[in-house]
Amino acid sequence: MVRVLIIDDDEGIRYTVGEIIAFMGWEAIKAENGAIGIEKFVREKPDMVLVDYHMPALDGLDTVERIREIDQGVPIIVLTVDERQQIADKFLEVGASDFALKPIKAPDLIARLKVHARMIEINRSQEKKDQDGFLAKGINKKTFNLIVEYLKEQKEPQTIEEITEGVGLAYPTVHRYLLYMVNEGIVSIECDYGRIGRPKNKYKLV
């Protein structure tokens, strides 16, 4: 479930946006000013932040800047009635991700929230792949490095059969990794016509 922190000094806005988020099946966390919002951001670790511009004590600009110092990646959407470009530029400079104009229009806000939720999902998926050690779909770093290290040790280009025997992996696996390396420009192919039979492809590091 996506958790959204709403920081706005207007109780009516907090209620309305909270209802929209609940309608989406997400969880709303509410804060009545920037200072409390930052405390809740640290404690609750929400997936996304909605923050008002005009607030007492700590305005939206300072709140965005403080949150961005804590977390470089969380989406921060600014709620504002002010459409001036210079205001938008100031928010972008301190780390805002997007804007939603007041009065709040549910379809517009929902669309923006869904876009950022999708981006969160993509980023987390990529982070998981990185942690799992995958360079691409079906290409594991450990196996990739094993083949690369083997090719580094060879003075002459190698056939798939020779590489397969050298690294102790199955032929289809080596074939898949070599195809990936060729497409990425890591390995080149040389065609050996030999004296007998069909020509064979040989592989070497670029």
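## The loop between β5 and α5

Pro-103 is found in the loop between β5 and α5, where helices (H or I, at least four residues) and strands (E, at least two) are DSSP runs numbered from the N terminus. This is a predicted model, in which local features need pLDDT of at least 70 and side-chain atom pairs count only at pLDDT 80 or more, while totals for chains, interfaces and linings use all residues. Residues are numbered from 1 along each chain as its sequence is written, and side-chain values use heavy atoms, with hydrogens and water left out.

A cis peptide bond, with omega of about 0 degrees, joins Lys-102 and Pro-103. The side chain of Lys-102 also meets that of Asp-8 in a salt bridge (2.9 Å, N to O), a term for a side-chain nitrogen of Lys or Arg within 4 Å of a carboxyl oxygen of Asp or Glu. Because Lys-102 lies in the loop between β5 (98-101) and α5 (106-132) and Asp-8 in the loop between β1 and α1 (11-23), this pair ties together parts that are 94 residues apart in sequence. Lys-102 is buried, with a relative accessible area of 18%, and Asp-8 is buried at 0%; here buried means under 20% relative accessible area, exposed over 50%, and partly exposed in between (1.4 Å probe, protein chains only).

## Strand β1 and its partners

Strand β1 is joined to strand β2 (residues 27-31) by 5 bridges, and the two run parallel; strands pair if DSSP finds at least two bridges between them. In β2, Glu-27 is the bridge partner of Arg-3. From β1 the chain crosses through α1 to β2, and this β-α-β crossover is right-handed, that is, with the strands pointing away from the viewer, the path from the first strand over the helix to the second runs clockwise.

## Salt bridges

The whole structure holds 13 salt bridges. In one of them, the side chains of Arg-3 and Glu-44 meet at 2.9 Å, N to O, and this pair links distant parts of the chain, with Arg-3 in strand β1 (residues 3-7) and Glu-44 in helix α2 (residues 34-44), 41 residues apart. Arg-3 counts as buried at 18% relative accessibility, whereas Glu-44 counts as partly exposed at 28%.

Another salt bridge is formed by the side chains of Asp-82 and Arg-84 (2.7 Å, N to O); Asp-82 is buried, with a relative accessible area of 15%, and Arg-84 is partly exposed at 42%. Salt bridges that share partners also join Arg-3, Glu-27, Arg-43 and Glu-44 into one network.

## A positive phi at Lys-45

Lys-45 has its place in the loop between α2 and β3 (48-52). Phi of Lys-45 is near 50 degrees, a positive value in a residue other than glycine, and Lys-45 is exposed, with a relative accessible area of 62%.

## The largest pocket

About 410 Å³ of space lies in the largest pocket. A pocket is defined on a 1 Å grid over the protein atoms alone, as an open set of points where a 1.4 Å probe fits, with protein on both sides within 12 Å along at least five of seven lines, and lining residues have an atom within 4 Å of a point. Of the 17 residues that line the largest pocket, Asp-47, Asp-71, Gly-73, Val-74 and Pro-75 are the closest to its centre.

The largest share of this lining, 6 residues, comes from α5.

Definitions and conventions:
Grid points are joined across faces, edges and corners, and a volume is the space filled by probe spheres set on the points.
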